[in-house]
Amino acid sequence: MISIKSQEEINLMTRACEIVKDTLFLLEENISPGVTTGELDLIAEEYILNQGAELGFKGLYGYPSTI
């Protein structure tokens, strides 16, 4: 069965994609020698939460991180 998305659902999906894109660009800006993956994870988590979004992976099946 094909599920047709409403305009509101499409807008939410578009916003989620923008947050993911911006998070990846933010991480790219912060990658440098000596920066740990834990620090990058914290940067991503803070940014995502500040956008009013929910973390997609953290806590899922016990996964401990955001990225």
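This is a predicted model: local features need pLDDT of at least 70, side-chain atom pairs count only at pLDDT 80 or more; totals for chains, interfaces and linings use all residues.
What covers the buried residues of H1? Let me start there, because buried here means under 20% relative accessible area, with exposed over 50% and partly exposed in between, using a 1.4 Å probe and protein chains only. The cover of the buried residues of H1 includes H2, where cover is a matter of contact, meaning heavy atoms within 4.5 Å. The buried residues in H1 include Ile19, Thr23 and Leu27.

Residues are numbered from 1 along each chain as its sequence is written, and side-chain values use heavy atoms, with hydrogens and water left out.

Now the overall picture. Along the principal axes, the C-alpha atoms fill a box of roughly 50 × 25 × 20 Å. Of the 67 residues in the protein chain, 13% are buried, and of the contacts between residues at least 6 apart in sequence, 33% join residues at least 24 apart. The accessible surface comes to about 5500 Å², with 61% of it belonging to carbon and sulfur atoms, as computed by the Shrake-Rupley method with a 1.4 Å probe, where for residues only the protein chains shown count as cover.

Let me turn to helix H1, residues 7-30. The 24 residues of H1 should span 34 Å at 1.5 Å a residue, and the end C-alpha atoms are 35 Å apart, which agrees; the expected span is 1.5 Å times one less than the number of residues.

Next, the charged pairs. Side chains of opposite charge can pair when their charged atoms come close. A salt bridge is counted when a side-chain nitrogen of Lys or Arg lies within 4 Å of a carboxyl oxygen of Asp or Glu, and by this rule there are three salt bridges. One of them joins the side chains of Arg15 and Glu18, at 3.5 Å from N to O. Arg15 and Glu18 are three residues apart in helix H1, and so are separated by about one helical turn. In general, an α-helix has 3.6 residues a turn, so residues three or four places apart point the same way. Arg15 is partly exposed at 33% relative accessible area, and Glu18 is partly exposed at 35%. Another salt bridge pairs Lys21 with Asp22, with the closest N and O atoms 3.1 Å apart; Lys21 is partly exposed at 43%, as is Asp22 at 26%.

In the remaining pair, Lys58 meets Glu45, with the closest N and O atoms 2.8 Å apart. Lys58 lies in the segment after H2 and Glu45 in helix H2, so this pair ties together parts that are 13 residues apart in sequence. Lys58 is partly exposed, with a relative accessible area of 35%, whereas Glu45 is buried at 15%.

Which residues does Glu45 contact, leaving aside its neighbours within four places in sequence? They are Leu55, Lys58 and Thr66. With Thr66 there is also a side-chain polar contact of 3.1 Å, a polar contact being a pair of N or O atoms within 3.5 Å in which, within protein, one must be able to donate a hydrogen and the other to accept it, and residues adjacent in sequence count only if both atoms are side-chain atoms. Thr66 itself is found in the segment after H2 and is buried, with a relative accessible area of 7%. Beyond four places in sequence, the residues that Thr66 touches include Asp41, Ala44, Ile48 and Phe57.

I will finish with Tyr61, which also lies in the segment after helix H2 (37-50). Tyr61 has a positive phi of about 55° although it is not a glycine, and Tyr61 counts as exposed at 82% relative accessibility. The C-alpha atoms of Tyr61 and Met1, 60 residues apart along the chain, are separated by 29 Å.

Definitions and conventions:
Helices (H or I, at least four residues) and strands (E, at least two) are DSSP runs, numbered from the N terminus.
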